[in-house]
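Notebook open, two chains to go through.

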Amino acid sequence: MENPVTKRLLFDFFSDKTTVIQRTLIEEWLSTAENQELYYKYLDEWESENPVFRPDLDNALHAYQSQLDGANVFSVETESDTRQLPVWSLRIWPRFVVAASVLIAACWFFQKDLMYETLQSPAGKTSKYMLSDGTQVILNANSTLRVSRFGFAEASREVELEGEADFDVTHTTDNKRFIVKMGDSYKIEVLGTKFVAYSRAARKRVLLSQGKVKLQLPAGKQVYMKPGNLFTSTSTDTFDISVPAKPQQYTAWKDQLFYFDDTPMLEVTRQMKERFDIDVRIADSVLLERHIGGIYRAENPDDLLEILTELLELEVVQNQNITELHTQNK
Amino acid sequence: MSNVYLNSLENPLLAWDAHEPGPSQTATVVTDDERILRITFQEDPKKGCDLLFRRYYINLCNQAVRFVHSKEIAEDIVSEVFTDFWQKGIYEQITTSYRAYLYKSIRHRSYNYLKWQLNKTVPLDSEGFSIVSETLSPDDILQYSELHHQVELIVQKLPPQCRRAYILKRVEGKKYDEIATELGISAKAVEALVSRGLARLRSGLRENRFLEVLIFFCMPF
């Protein structure tokens with residue numbers, strides 16, 4: 001027979017019902033390009049006849065169509081400096097040149113403002129944001145998150161963090177990475193996870209509560225984190241991964257709480273500066289040596305100062321912009 | 001074909017017929033599809049992508065799920081291929097039929113995912129692989145189908161309880177505690193069953209020559 005490979009035989013093969021000898025037959029038959037085309041055609045027919053599940057076409061199509069519409073502008077922009085310009089865009093070429101050159105010129109002047117949308121949380125307040133990909137962010141007080149404006153959901157999802165934030169990253173349908181840049185040399189890369197990141201000049205910190213995280217460190221190093229892990233690094237770029245016994249202390253800020261556990265007063269003042277942007281000074285060396293513990297709710301600096309004065313029998317003296325703490329004289 | 005997922009779905013074949021009024025796909029219709037698609041792409045690529053998506057999305061998802069055993073992941077993989085098709089202008093570069101390109105990409109990506117699932121140290125990154133210029137040997141073409149047969153076989157051979165937990169978790173995408181109440185066991189036990197299923201899959205596929213060969217060639221370094 002001229003053509004021993006029939007549609008029937010291929011269907012049998014797709015259903016795992018062929019013998020080894022039949023397989024060699026198909027293999028030989030596949031050596032021509034036309035037959036390879038035929039193979040995929042029959043594979044498609046076979047899939048039509050043997051469905052395993054029924055995906056939601058309407059929803060998916062809707063998402064794809066908005067991509068087609070949204071990506072219209074986007075792909076023209078990125079295509080500007082590559083050689084392969086799609087044929088169909090020739091018609092809008094002149095308009096595009098004008099728009100692009102204005103855009104490029106503007107970019108030089110306002111690079112950061114233009115490229116990034118800035119989300120901020122003032123002193124003493126946490127703010128919640130939902131990004132366009134569905135990711136939820138809680139920004140701690142005194143923190144800034146920059147989100148790239150262009151193609152945030154389409155290309156890579158990149159944000160820059162200064163301060164502290166809690167991330168609940170959605171896993172996109174197309175497995176797009178979510179990247180948090182912390183300073184110049186630290187980067188967090190995830191697909192969909194929950195974590196708290198802290199990035200200030202003196203220290204970087206990441207606490208992972210769910211999923212998996214890849215960290216890019218200075219000098220090209222990488223580490224992977226597991227849920228429950230705490231990553232800390234210092235300004236000298238030495239780092240450590242541990243499993244904290246009390247992870248709440250790193251997430252307490254989300255509930256306007258201060259979490260002290262044998263915490264020295266100096267650290268308490270540092271945290272107040274960070275959260276409320278107030279300068280607290282302790283001159284008394286005995287007082288500086290004291291450590292305190294406990295979880296306290298404080299929505300403003302006065303709340304915490306009140307708690308501290310009662311706890312340690314202190315006196316608060318406001319001296320211009322500086323708050324001084326003294327031990328009460330009896 | 002006996003199928004492990006059938007018992008967990010409410011008779012998909014009936015649902016299929018009820019919701020799919022269009023003509024049955026005979027050989028001639030399929031050939032015409034390609035020609036119509038090509039003409040549409042020449043006139044308006046956006047419309048072409050739209051049409052292509054309507055025509056192949058469901059079938060491609062079905063192909064992908066045979067490898068990855070998760071409806072959600074399968075849909076993700078297919079959407080990703082269509083996104084690239086539009087955004088990277090692949091429709092202008094392909095030399096084969098749209099259909100052949102789509103099936104090749106879906107199979108390759110599903111395969112990559114499976115590989116990543118079994119060995120998570122290999123990065124999940126198929127971007128560097130240009131399927132447009134890729135010609136597959138006849139043997140490779142067949143190996144893809146054989147790979148999902150093997151996946152199927154391994155899952156079918158799992159002990160019943162283990163198989164049910166695996167399917168509910170991976171195929172249905174349910175949460176551990178939901179499966180726990182459904183099977184009347186603890187969530188911890190479900191987790192153990194699912195990971196046992198994955199371990200079986202891992203050890204069962206370890207001897208697969210195709211996986212090894214491709215892992216070797218696709219290593220990014």
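This is a predicted model: local features need pLDDT of at least 70, side-chain atom pairs count only at pLDDT 80 or more; totals for chains, interfaces and linings use all residues.

I read the elements of chain B from the N terminus on and got α-α-α-α-α-α-α-α-α-α. That is ten helices and zero strands, taking helices as DSSP runs of H or I with at least four residues and strands as E runs of at least two, numbered from the N terminus. Residues are numbered from 1 along each chain as its sequence is written, and chains are lettered from A and ligands numbered from 1 in the order in which they are written.

I checked burial next: of the 221 residues in chain B, 36% are buried. Buried here is 20 or more other C-beta atoms within 10 Å of a residue's own, exposed is 12 or fewer, partly exposed is in between, and the C-beta atoms are placed from the backbone. I also looked at contacts, meaning C-beta atoms, placed from the backbone, within 7 Å. Of those in chain B between residues at least 6 apart in sequence, 66% join residues at least 24 apart.

**Where A meets B**

I found 40 residues of chain A in contact with 45 residues of chain B. On the chain A side, the elements giving two or more residues are H1, H2 (20-29), H3 and H4 (57-79). H3(A) gives the most, with ten residues. By class I get 19 nonpolar, eleven polar and ten charged on that side; nonpolar is Ala, Val, Leu, Ile, Met, Phe, Trp, Tyr, Cys and Pro, charged is Asp, Glu, Lys and Arg, and polar is the others, Gly among them.

**The cores**

Which residues have the most contacts inside the largest nonpolar core? They are B:Ala64, B:Val68, B:Ile77 and B:Val78, in a core of 49 residues. A core is a set of buried Ala, Val, Leu, Ile, Met, Phe, Trp, Tyr and Cys residues joined through C-beta atoms within 7 Å. H1, H3 and H4 of chain A each give two or more residues, and so do H3 (45-68), H4 (71-87), H5 (98-118) and H6 (138-156) of chain B. H3(B) gives the most, with twelve. Domain 1 (7-49) and domain 2 (57-109) of chain A both give residues, so this core lies between them; the domain bounds come from an automatic or database assignment.

I then followed B:Ala64: beyond its neighbours within four places in sequence, B:Ala64 is in contact with B:Ala74, B:Ile77, B:Val78, B:Ile106 and B:Ser110. A second, separate core has 28 residues, including A:Leu131 and A:Phe167.

**Positive phi**

I looked up two loop residues of chain A. A:Glu313, between H10 (301-312) and S17 (314-319), has phi near 55°, a positive value in a residue other than glycine. A:Glu313 counts as exposed because 10 C-beta neighbours lie inside 10 Å. A:Gln320 sits in the loop between S17 and S18 (322-327), again not a glycine, with positive phi near 55°. A:Gln320 counts as exposed because 6 C-beta neighbours lie inside 10 Å.

Conventions. Two residues are in contact if their C-beta atoms, placed from the backbone, lie within 7 Å.
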